[in-house]
Amino acid sequence: MSDKATILVTGAAGTWGSRVAARLAKDAGLHVIGLDREPPVKEIHGLDFIQADVRNPLLAELLRTEQVDTVCHLAFVDTTQPNEAAFDLNVMGTTNVLEACAEAGVRKAVLKSSTAVYGARPGNAAFLTEAHALRGSKRWGTVRDLLEIETFCNGFRHRAPELLLTILRFASIVGATVDTPMTRFLKAPQAPSLLGFDPRMQIIHEDDVVEALALAVLQDAPGIINVAAEEIIPLNKMRGLTGKPPIAILHLLAYRGRNLLAGAARRGHEFLPIEPDYLRYSWAADLQRMREDLGFSPRTSAEEALRELAECRDAPSFQTGPSGMAR
């Protein structure tokens with residue numbers, strides 16, 4: 001029997017699952033298993049791949065047979081509008097994964113979430129701690145699903161206290177190779193702000209997302225942890241760093257006419273891929289737990305990430321999953 005710790009990464013064919021699996025597979029002390037409905041587009045050296053759905057009722061048996069120590073659950077489909085098919089995979093899939101972990105005696109599970117679950121509200125504190133109420137917009141499909149998942153996790157922790165559960169809440173992710181709401185917003189031809197509003201924003205570079213997830217797998221830091229680059233940058237400065245023209249629209253137009261303005265954006269994308277509240281009010285997260293408990297310091301600053309994005313904004317289209325969104 002191998003002395004290597006066995007790590008299972010779900011969503012191994014998706015954007016985050018494939019990258020985290022590849023990162024972990026480089027560790028000689030780990031046996032890394034990838035699981036997804038379809039195999040990765042590119043072979044991942046050192047990865048044992050199993051083709052299966054995270055909703056499979058036999059998942060607990062697989063975890064038990066493989067003696068999995070840690071599950072990094074990254075099988076998730078992002079959607080702008082609420083989508084029942086995505087809800088089934090995202091929420092019901094996560095529920096099945098965590099229940100299977102508890103049944104099989106898995107020691108630890110790591111989940112990826114977003115600071116968007118806090119919501120963008122006029123009364124928000126300057127920095128939102130992990131204990132802040134979750135008041136994210138359920139009009140945004142991804143946020144709705146993440147809110148449902150985190151609500152389930154709140155009760156699950158009490159039912160399965162033996163499972164170490166880590167949830168990393170990431171700020172808006174940007175990068176040259178990922179399709180995320182903020183990246184699409186900043187790569188759009190205009191990316192307008194809302195007239196009279198310039199909220200303080202946080203971002204995180206795509207490579208730092210991978211490193212933070214890998215670190216959460218490699219060391220124990222149970223609980224919820226906000227993850228972002230250290231700098232807080234006003235939205236209009238973010239737009240300036242990525243070369244956007246100084247255009248502002250009435251916030252009422254943003255709320256009522258997002259789809260009517262689609263002609264001003266790249267074909268196939270909405271004019272505002274981000275819920276307008278998140279471009280109107282601040283929703284910056286406190287990073288103390290990231291520094292002290294996870295021991296993580298992002299390598300790429302917010303300004304560096306934005307300048308990099310500006311340099312590649314004319315690059316070919318993003319790589320996307322079957323839904324047309326990065327997973």
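Q: Why does Tyr281 count as buried?
A: Its relative accessibility is 18%, and buried means under 20% relative accessible area (exposed is over 50%, partly exposed in between, with a 1.4 Å probe and protein chains only). So Tyr281 counts as buried. A word on the background: this is a predicted model, where local features need pLDDT of at least 70, side-chain atom pairs count only at pLDDT 80 or more, and totals for chains, interfaces and linings use all residues. Residues are numbered from 1 along each chain as its sequence is written, and side-chain values use heavy atoms, leaving out hydrogens and water.

Q: How many aromatic pairs does the structure hold?
A: There are four. Rings of Phe, Tyr and Trp (its six-membered ring) pair if their centres lie within 6.5 Å; planes under 30 degrees apart count as stacked, over 60 as edge-to-face and the rest as tilted.

Q: What makes the pair of Phe197 and Tyr281 edge-to-face?
A: The ring centres are 6.0 Å apart and the planes stand at 80 degrees, so this pair is edge-to-face.

Q: How do you know that Tyr278 and Trp283 form an aromatic pair?
A: Their centres are 4.9 Å apart, with 85 degrees between the planes, and the pair is edge-to-face. Tyr278 is buried at 1% relative accessible area, and Trp283 is buried at 7%.

Q: Which residues do ring pairs link into a cluster?
A: Trp140, Tyr278 and Trp283.
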